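Please read it alongside the structure shown here.

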Amino acid sequence: MKEGQPREIRLEEYRAPGYTTRETELVFDIHDGETTVTNTMRLERLDADADSVTLDGQDLELVSVRLDGRELSANEYALDEESLTLHGLGAGAEVEIVTRIKPEENTALEGLYRSSHMYCTQCEAEGFRKITYYQDRPDVLARFRTTVIADAAAYPTLLSNGNLVSESEPKAGRHSATWEDPFPKPSYLFALVAGDLEVITDSFTTMSGREIELRIYSEAHNIDQCHYAMGVLKRSMSWDEERFGREYDLDIFMIVAVEDFNMGAMENKGLNIFNTACVLASPDTATDAAYQRVEAVVAHEYFHNWSGNRVTCRDWFQLSLKEGFTVFRDTEFSSDMNSRPVKRIEDVTFLRSVQFAEDGGPLAHPVRPQSYIEISNFYTTTIYEKGAEVVRMYHTLLGEDKFRAATDLYFDRFDGSAATTDDFAASMAEVGQLDLTQFKRWYEQAGTPLLSVRDHYVDDTYTVEIEQTCPATPGQPDKLPFHMPVALGLLVEDDNGVQSVDVGGALAASTEQWESRDGGATALVQLRNAKATLSFNGLTSKPVLSFLRGFSAPVRVHHARPDAELGFLARHDVDGFVRWDALQTLWVKHFGASAQIEGVDLEQLVGDVAREAFNLGDNAEAKLLAATMLTVPDENYLFEQLETFEVMAVVNAREAMLDGLGKAHVQTWQSLYERYGQEGAYQPDAVGMANRALANIGFAGLARALDGNDLADLVRTHYERADNLTDRRAALAVASRHERLAEDVRQALFADFFEKWQHEALVLDLWFSLQAQSPLTDVAGIEALTRHDRFDLKNPNRARSVLAVFGMFNHRTFHKPDGSGYDYLAGAVAEVDKLNPQMAARLATPLTRWQRYDPARQERMRQSLTQLADASALSKDLFEIVTKALA
């Protein structure tokens, strides 16, 4: 290991602060090129033995320090590159610190920085220390009063947390605004914006009758794309009152759209700052998927007002306390707004493709990690999505009414404080009258559990045996059994058709606690032991097991069963997830190295699902489910589901299957395309999205059956008649992937798209990403994209549109046997690390998953990682990712 390597921080080392900050008053004097920050804090001693406080600070110029009004000389405090320590504070003290910073030079986009023509902040997790010296930790909660002073003409909009209390013009040409937040908060929730911004306004009346002013700000060229987000915000506020009883607490709620932002959005109290990709939406500038992302992220950040702000986390090891809980809340919101089974399927697809990969790789960590070097690296799918699954299991175990009562207790008990995952679990256990001691292993143990299922039928008794195991992960070679809810049902077919068995009446013996749900159609089993057995009596024929309904636990399942049973479930199960999952299981078997599907014609099954979609009328949920089932799993999903594979074999087999499906059902795709392709003006609702999804599946399937002029005419026609970005993207996606399409046609389509939409940043990101993920784009093509005059490595959205997309989706080029794709990404990551360490660490992710691939590719990926590790001056962010990946 190199000398001077970053220090690891461990959960076991947590100590409560000796002093806390009760009140913070900030004055920002913003001038182009330099900003002066005056920070006045009222400190209070918590530990009787404490007499000093260490304040975090990075990249700051210290101007002065005053203690109770007296300026300190340099020998009266200790200063280093990361902290300022003050001694002799007594029971309490007033500390004033003046610092100077240069936001214009801040390419890491942490703390206060300049984005385009505005100043804005990003302080989570540890960005506030780049603004001023402070106890930059989540368990120090203070009331903030913030004054922002800036040029009146250049920055007429001055915003911060809380309510506006005053405005003034301290001198000619400059103005100020003072904001006061009455609710104590940690420094990571601080926010400031100064710019020349347009605004749309609305209002919301809370359940207690309070009128809340709503504002969404953006630069003038984006303001017309903010109206959809405003509607989502109002729906979110209403839903949170109805579902969780949570009412908004300030007089005003504001969102600001920013073009340069590392994250999706940030829940700063009363002043949310958003990446434009998560707030802007119009038919011409956002796909249906982008609309859904806006809906989810606006809701997520608003819901944080309670699950994150009013109750925050004690330390960063508890990050999932706020993030996992809030992801659960936003997925429930999206489910209620659209289709619950389809939302569940989307979430499971992401878990299996991304989070399972993280859990199975060298960067695996528990939902509550035990250590970290750079906390920004732990804003992961394990913390967020797996953390949400843990909360969902609480919900499943308790049921809706008790879960709501438990969250009420949690909010009431910890309002205005910093809590832990144990505190959350205690509220669940108290209301649910459950022993959750074993359940908390979900927070402590990394890895994805495997449920091995065996079943057999003898006479009139059907027996199900379940065994749970969990593979070794870094630092955790041995795992104890988890406590998890397993939802299952039984189906039989008789002269009256397909029937659900009353499992409540049939379940005669169980080694585990269980209860009947869904009127007896589902048994909810609390699996606690390594092995469990369930016996169902009185059955005249062997039933078909519908296992893990609703994906009741985040696990892998191995169930050796006849393929015909999977086909039966795909057609008949009452649980939308199980229907989809049965078909996915067949796909995975089809793409496996040696398996042969028996008893099911997979092409015919897909064709049947497509034909059934003709007659679904306005049933948006059924149409969305059909579209989801008609989507062949992508390569990333298959890579995680297959035990062994060769990259190009999977890629080629998938392409061959898509071609085969196209040719086998030409008339079906044509009919589907025509049936749903002309459904009136664009509407970003469930019905409109369902129609477009089915039409574009028909379009893509038909394209697989054509070539030459017929293919060119189809793609051009689809592109030219499109009145929305979803359909234009579908046309360009086909154009970017089909070698059978003439090169001049492909280039003409992309040139036309660029010419028309080059002034819309998010649409241009799509133009870059479609080319970066194209199997026709080699490393030289990727390099050409990064040399394009509209490519900007400093802008996270633009950098991700090429580099992240290349590493995650362009499998032909990234995984070339000569390793050139790996070397290119490693070199790009090293360049990004000099500008933005957070982004560099995330871009390195595809290289860290080297263990999933064949030995030759493993070696080449490790070589590229080793080159990164040997580079000088790696950031803490990238150092941690690379060294753990190689360990």
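Leu321, Phe325 and Phe328 of helix 3 meet Phe403, Thr407, Tyr410 and Phe411 of helix 6. By class, this contact between helix 3 and helix 6 has six nonpolar residues, one polar residue and no charged residues. The model is a predicted one.

**Helix 3 with helix 6**

- Helix 3 covers residues 319–337, and its axis lies 14 Å from that of helix 6, at an angle of about 145°.
- Helix 3 and helix 6 cross in a left-handed sense.

**Helix 6 with helix 7**

- Helix 6 (residues 400–414) also packs with helix 7 (residues 421–432); their axes are 8 Å apart and the angle is about 135°.
- The crossing of helix 6 past helix 7 is right-handed.
- From helix 6, the residues in contact are Lys402, Phe403, Ala405, Ala406, Thr407, Leu409, Tyr410, Arg413 and Phe414.
- From helix 7, the contact is made by Asp423, Phe424, Ser427, Met428, Glu430, Val431 and Gly432.
- Sorted by class, the contact of helix 6 with helix 7 has nine nonpolar, three polar and four charged residues.
- Phe403, Thr407 and Tyr410 of helix 6 are listed in the contact with helix 3 and also in the contact with helix 7.

**Helix 28 with helix 29**

- The axes of helix 28 (residues 855–869) and helix 29 (residues 876–886) come within 10 Å, and they cross at roughly 140°.
- Helix 28 is therefore oblique to helix 29.
- Helix 28 passes helix 29 with a left-handed crossing.
- On the helix 28 side, Arg862, Leu865, Thr866, Leu868 and Ala869 take part, and they meet Leu878, Val882, Ala885 and Leu886 of helix 29.
- The contact of helix 28 with helix 29 has seven nonpolar residues, one polar residue and one charged residue.

**Helix 21 and its surroundings**

- Helix 21 has 12 residues, and its first and last C-alpha atoms are 16 Å apart, close to the 16 Å expected at 1.5 Å a residue.
- Helix 21 is mostly covered, with 10 of its 12 residues buried.
- The buried residues of helix 21 are Val763, Leu764, Asp765, Leu766, Trp767, Phe768, Ser769, Leu770, Gln771 and Ala772.
- Helix 19 (725–737), helix 20, helix 22 (779–787) and helix 23 (796–809) are among the elements that cover these buried residues.
- Glu760 sits in the loop between helix 20 (743–757) and helix 21 (761–772).
- Glu760 has 24% relative accessibility and so counts as partly exposed.
- Apart from neighbours within four places in sequence, Glu760 is in contact with Gln225 and Thr285.
- Thr382 is 378 residues from Glu760 in sequence, and their C-alpha atoms are 33 Å apart in space.

**Helix 25**

- Helix 25 (residues 820–833) has 14 residues, which should span 20 Å at 1.5 Å a residue; its end C-alpha atoms are 20 Å apart, so the two values agree.
- Buried residues in helix 25 include Gly821, Tyr822, Tyr824, Leu825, Ala826, Ala828, Val829, Val832 and Asp833.

**A buried loop residue**

- Asn268 lies in the loop that joins strand 20 (265–266) to strand 21 (271–275).
- Asn268 has a relative accessible area of 1% and is therefore buried, as the cut-off for buried is under 20%.
- Beyond its neighbours within four places in sequence, Asn268 is in contact with Asn161, Tyr188, Leu189, Phe190, Ala191, Ile273 and Asn309.

**Backbone features in loops**

- The peptide bond from Glu124 to Ala125 is cis, and its omega is near 5°.
- Ala125 is placed in the loop between strand 11 (118–122) and strand 12 (142–151).
- Asp59 is not a glycine, yet its phi is positive at about 55°.
- Asp59 belongs to the loop between strand 4 (52–56) and strand 5 (61–67).
- With a relative accessible area of 64%, Asp59 is exposed.
- Asp518 likewise has a positive phi, near 55°, in a residue other than glycine.
- The loop between strand 30 (513–517) and strand 31 (522–527) holds Asp518.
- Asp518 is exposed, with a relative accessible area of 58%.

Note on methods. Residues numbered from 1 in each chain as written. Predicted model: local features only at pLDDT ≥ 70, side-chain atom pairs only at ≥ 80, totals over all residues. Heavy atoms only, no water. Axes fitted to C-alpha atoms, helices over the stretch in contact; angles between N-to-C directions. Helix = DSSP H or I, 4+ residues; strand = E, 2+ residues; numbered from the N terminus. Parallel < 35°, antiparallel > 145°, perpendicular 65-115°, else oblique. Left-handed = near helix turned anticlockwise from the far one by under 90°. Contact = heavy atoms within 4.5 Å. Nonpolar A, V, L, I, M, F, W, Y, C, P; charged D, E, K, R; others polar. Expected span 1.5 Å × (residues − 1). Buried < 20%, exposed > 50% of the residue type's maximum accessible area, 1.4 Å probe, protein only.
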